[in-house]
Amino acid sequence: MHRDGTIDVNLSGTTARSTLKVAGPRHAPLTLGQVHIDGDLKGFVAKQADLTGTLQVSGGMRLLALDDLHAGAAIDIGYGATGHAMTVVLDEVTDAGITSATAIRTLRVSHWHDTDSVSDVIAAPSVHALLARGDFAADMRLHGAPGDVSLNVMRVGGTLHDAVV
């Protein structure tokens, strides 16, 4: 743990059956800095935790659930033995990005804010469903196989702005 209370996480030897749940005292927010997972992961569930650094998984993942992504935060997911598209559940996202070699089945966010001059980017082979309860401001760079549908459903409850889809 850093002096500012930020927690770093390093895991190795994880498999497609491994799940990590991160929780703190009830209603007390946690701040994750650098998260490095060497291997596959079934799930990373930290619904009380904000990410301020990089979450990197060398293999695949089926479920990622976090609270907020702060400015400069990045998620980088590899491709692994999970054999399934992943689900990503986030609350507020500001000036952050997601890169995934694994297809995304569902990306659910409350709001995605792009407040700086750098484009926020979601890069993945495909996203089956993008569901934003409020505003959404990120570019989608989907690189599925030619002829494949890369984005099936996009539902934005607020304003879609400064986004290239």
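**Side chains and strands in the predicted model**

Guide: In this predicted model, F136 has a relative accessible area of 0% and is therefore buried.

Visitor: With which residue does F136 form an aromatic pair, and of what kind is the pair?
Guide: The count comes to 1 aromatic pair. Its ring centres lie 5.8 Å apart, with 65° between the planes. Planes over 60 degrees apart count as edge-to-face, so the pair is edge-to-face, and the partner of F136 is W112.

Visitor: How many residues apart in sequence are the parts that this pair ties together?
Guide: W112 lies in strand β13 (residues 111-113), whereas F136 lies in the loop between β15 (127-132) and β16 (139-142). The pair therefore ties together parts whose separation in sequence is 24 residues.

Visitor: Is T14 buried or exposed?
Guide: T14 is placed in strand β1 (residues 7-14). Its relative accessibility is 15%, and the cut-off for burial is under 20%. T14 therefore counts as buried.

Visitor: Which residue has its backbone oxygen 2.6 Å from a polar atom of the T14 side chain?
Guide: Beyond four places away in sequence, T14 touches I37, D38, G39, D40 and L41. Among these contacts, the residue whose backbone oxygen lies 2.6 Å from a polar side-chain atom of T14 is D40.

Visitor: Which residue in β12 is the bridge partner of V89?
Guide: Strand β9 (residues 86-89) runs parallel to β7 (residues 61-66), joined by 3 bridges, and V89 in β9 stands opposite A65. β9 also pairs in the parallel sense with β12 (residues 104-109), over 4 bridges. There, the bridge partner of V89 is R108.

Terms used:
Residues are numbered from 1 along each chain as its sequence is written. This is a predicted model: local features need pLDDT of at least 70, side-chain atom pairs count only at pLDDT 80 or more; totals for chains, interfaces and linings use all residues. Side-chain values use heavy atoms; hydrogens and water are left out. Helices (H or I, at least four residues) and strands (E, at least two) are DSSP runs, numbered from the N terminus. Buried means under 20% relative accessible area, exposed over 50%, partly exposed in between (1.4 Å probe, protein chains only). A polar contact is a pair of N or O atoms within 3.5 Å; within protein, one must be able to donate a hydrogen and the other to accept it, and residues adjacent in sequence count only if both atoms are side-chain atoms. Contact means heavy atoms within 4.5 Å. Rings of Phe, Tyr and Trp (its six-membered ring) pair if their centres lie within 6.5 Å; planes under 30 degrees apart count as stacked, over 60 as edge-to-face and the rest as tilted. Two strands pair if DSSP finds at least two bridges between them.
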